[in-house]
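Thanks, everyone. Let me put the model up, and then I'll walk through it piece by piece.

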Amino acid sequence: MAATAQPLPPPGDGDDPSLAFGALPGLVGYHLRRAQLALFRRFAQEVTAAEGVTPGVFGLLQLIGANPGLSQSRLAEAMEVDRSAVVRVLDQMERRGLIERAAAEDDRRRYCLRLTETGEAALRRIEAAVVEHEERFLAPLSARERTTLVALLMRLHAGRDHGGKDHGGKDR
């Protein structure tokens, strides 16, 4: 079935009412990406500018802080990113004094990660800034809508590998 042009969404951040967007306004991926861009743009203005961390670094700090001794490989797997990319970021975090790496006692080839005292203090500050940032970003939504949004996004992510099947293998 061919996609048909959809009416434009209301003008707003970066929308050009003189452009037709074809099928994009009817696609979930288009709106997810626009929301992500808006969220990351504000994150850069409000959190990165003050703390010097990206959303990805914040995520890494969260996982390391919540899982002392976590291996680099497991961290990359949990964040769903390439291990070599994680190692480069960890190198930067280590130079900034936020984390420390130590060889695992049971396998000297594997490195375990921990936040330093500096990293723990930074994470507390950054987390507070992120909570405030998200509060401002989500202000147009009610508490119930926020809960629903997160639940729906979690459901989509959980079903990402199921090819449109529910967890029991039946068509949805």
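Start with helix α5, residues 117-137. It has 21 residues, and at 1.5 Å a residue these should span 30 Å. The end C-alpha atoms are 30 Å apart, which agrees. Keep in mind that this is a predicted model.

Which residues of α5 are buried? They are Gly119, Ala122, Leu123, Ile126, Val130 and His133. Look down the axis of α5: those buried residues fall within an arc of 105°, so they line one face of the helix. Now turn to the face pointing away from the buried side. There α5 carries the exposed residues Glu117, Arg124 and Val131.

Step back to the loop between β3 and α5. Threonine 116 is found there. Is threonine 116 buried or exposed? Its relative accessible area is 16%, and the cut-off for buried is under 20%, so threonine 116 is buried. Leave out residues up to four places away in sequence, and threonine 116 touches Gly97, Leu98, Ile99 and Glu100.

Now the overall layout. The protein chain has six helices and three strands. From the N terminus on, the elements run α-α-β-α-α-β-β-α-α. The chain has 172 residues, and buried ones make up 24% of them. Take the contacts with a separation of 6 or more: 40% of these are between residues 24 or more positions apart.

Next, the sheet. The three strands form an open sheet, in the order β1-β3-β2, with antiparallel pairing. β1 and β2 are the edge strands, each pairing on one side only.

Take β1 and β3. Strand β1 covers residues 70-71, and two bridges join it to β3, antiparallel. Serine 71 stands opposite cysteine 112 in β3.

Then β2 and β3. This antiparallel pair has six bridges. Alanine 103 has tyrosine 111 in β3 as its bridge partner. How many residues does the hairpin use to join β2 to β3? Two.

On to helix α2. It has 12 residues. First C-alpha to last, α2 reaches 16 Å, close to the 16 Å expected at 1.5 Å a residue. Buried in α2 are Val57, Phe58, Gly59, Leu60, Leu61 and Ile64. What do they pack against? The list is α1, α3, α4, β2, β3 and α5, with β2 being residues 99-104.

In general, nonpolar side chains in soluble globular proteins tend to be buried together. Here, the largest nonpolar core has 22 residues. Which of them touch the most other members? Leu61, Ile64, Leu75, Leu90, Met93, Ile99 and Ile126. The elements giving two or more residues to this core are α1, α2, α3, α4, β3 and α5. The largest share, five residues, comes from α2.

Two of those names have come up already: Leu61 and Ile64 are on the buried list of α2. Ile126 is on the buried list of α5. And Ile99 is among the residues that threonine 116 touches.

Let me zoom in on leucine 90. Again leaving out residues up to four places away in sequence, leucine 90 touches Ile64, Gln72, Leu75, Ile99, Arg101 and Leu113.

Last stop: glutamate 80. It lies in the loop between α3, residues 72-79, and α4, residues 83-95. As background, most residues other than glycine have a negative phi. What is phi for glutamate 80? Positive, about 60°, although glutamate 80 is not a glycine.

Glutamate 80 is at 48% relative accessibility, so it counts as partly exposed. What does its side chain meet? A polar contact of 2.9 Å links the side chain of glutamate 80 to the side chain of histidine 157. Histidine 157 is found in helix α6, residues 143-158. At 40% relative accessibility, histidine 157 also counts as partly exposed.

That is the tour. I'll take questions now.

Note on methods:
Residues are numbered from 1 along each chain as its sequence is written. This is a predicted model: local features need pLDDT of at least 70, side-chain atom pairs count only at pLDDT 80 or more; totals for chains, interfaces and linings use all residues. Side-chain values use heavy atoms; hydrogens and water are left out. Helices (H or I, at least four residues) and strands (E, at least two) are DSSP runs, numbered from the N terminus. The expected span of a helix is 1.5 Å times one less than its number of residues. Buried means under 20% relative accessible area, exposed over 50%, partly exposed in between (1.4 Å probe, protein chains only). The arc is that of the directions from the helix axis to the C-beta atoms. Contact means heavy atoms within 4.5 Å. A polar contact is a pair of N or O atoms within 3.5 Å; within protein, one must be able to donate a hydrogen and the other to accept it, and residues adjacent in sequence count only if both atoms are side-chain atoms. A nonpolar core is a set of buried Ala, Val, Leu, Ile, Met, Phe, Trp, Tyr and Cys residues joined through side-chain atoms within 4.5 Å. Two strands pair if DSSP finds at least two bridges between them.
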